[in-house]
Amino acid sequence: MKRDALKITAGILALVMAAGVLTGCRQTQTEEMDDKVLSNNILITETGEVLERPTEEPTIAPQKEPVPTEKEVLEENIIAPKMEGEAPTPAVELDIPSPEQVITEEDQIEPEGKGLQLVFLGDSIFDNNRDGTGIPYLTAVQCDADVFNLAIGGSSASLEWGEYGELDTWSSNGFCGVVNAMQGRISTSVFEGTRAKEILDNPNVDYSQTDYFIVEYGTNDFFRAVSQSDPEMAYNLHTYAGALRYGVDALKDIAPDATIILCSPCYAQFYHDGYMVGDGNVTNPGNGTLFDYKGTCNYVANEAQVEFFNAYQDLGIDSYTADDYLEDGVHLTEEGRKLYADALAHMILSIEETKNN
């Protein structure tokens, strides 16, 4: 009996010890797990010092200030990039004809309250003949419209090499200058001696009431071998396309409801020392033929979603008809001006008919 009791007692003790061992193991595992959890929140240095791990906060990217677009910068400062060095010399020397301007009472400078208001901007193609035989006057007659002719002979769409474009020192009488004057942003003194200045100084002319802006530049840009565009700066005012973009945007601000018609340069023939050296299809002074400038004008018109008048191809003026329509290779004869005005008036009246329907 005693032996059996001892065996039973020994068995019970073994079970108790085994249970203790198991309990200890579980406790050790739990402590190890706690240590692991705690170790995520503490740091132990090499010397055994226990430090609390700093709480990591999510990284927030710094807010960037909105970068103004190139157009916004130009609208605010009206500063064209400075062109360093000497102005490029055209690769081909061409004679630039400059017929005498004729002005008579037919050239309108006061509103007459007619149904439409047409404003013309351009070079000598629009400026020279202010005598009842010019394109603006003939177009206005057919459209029964008031007409204000802001064209200036010899002017370009683009700024010239030394013209930087600061408002306080503005010197360009081209497209960008005229639209700035229309907005009252520059002094009209830069247009001294031109018929355009008289109209720009007239407080009775309200450009916001314009129905059609008719814009014609490019031949003088071609003569100066101006770059047609700048792939790095769309509104570079020293390029033909950049200046057209700038001027068109300004006209949209002046009269948001007006229709803008961009007219390409006309076909032309070029002479030097009395000899013909080529025409608008082949002569290249350095940055393309006149036909190429026509293409750039067309591109900008499509881009800006304005009307395009293809004076180069649609008037029927070419090498076969030049003697009838060109008086010096560049400027139009009276017959040529009538041809141009008829086509332009037809375009305007067609647009009006579409609007009324």
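1. Strand β4 (residues 116-122) and β6 run parallel and are joined by five bridges; two strands pair if DSSP finds at least two bridges between them. Within this pairing, Gln-117 stands opposite Asp-146 of β6. Strands (E, at least two residues) and helices (H or I, at least four) are DSSP runs, numbered from the N terminus.

2. The model is predicted: local features need pLDDT of at least 70 and side-chain atom pairs count only at pLDDT 80 or more, while totals for chains, interfaces and linings use all residues. Residues are numbered from 1 along each chain as its sequence is written, and side-chain values use heavy atoms, leaving out hydrogens and water.

3. On its other pairing, β4 is joined to strand β7 (residues 212-216) by five bridges in the parallel sense. Here Glu-216 in β7 is the bridge partner of Gly-122.

4. These strands belong to an open sheet of five strands in the order β6-β4-β7-β8-β11, with parallel pairing. Because β6 and β11 (307-309) stand at the edges with a single partner strand each, one side of each has no neighbour in the sheet.

5. Is strand β6 (residues 145-149) mostly covered or uncovered? Five of its five residues are buried, meaning under 20% relative accessible area with a 1.4 Å probe, protein chains only. Ala-145, Val-147 and Asn-149 lie on one side, and Asp-146 and Phe-148 on the other. In a regular strand the side chains alternate between the two faces of the sheet.

6. Helix α5 (residues 175-182) and helix α8 (residues 240-254) have their axes 9 Å apart. The crossing angle is about 20°, and the two helices are therefore roughly parallel, a term for angles under 35 degrees.

Technical notes
Axes fitted to C-alpha atoms, helices over the stretch in contact; angles between N-to-C directions. Parallel < 35°, antiparallel > 145°, perpendicular 65-115°, else oblique. Buried < 20%, exposed > 50% of the residue type's maximum accessible area, 1.4 Å probe, protein only.
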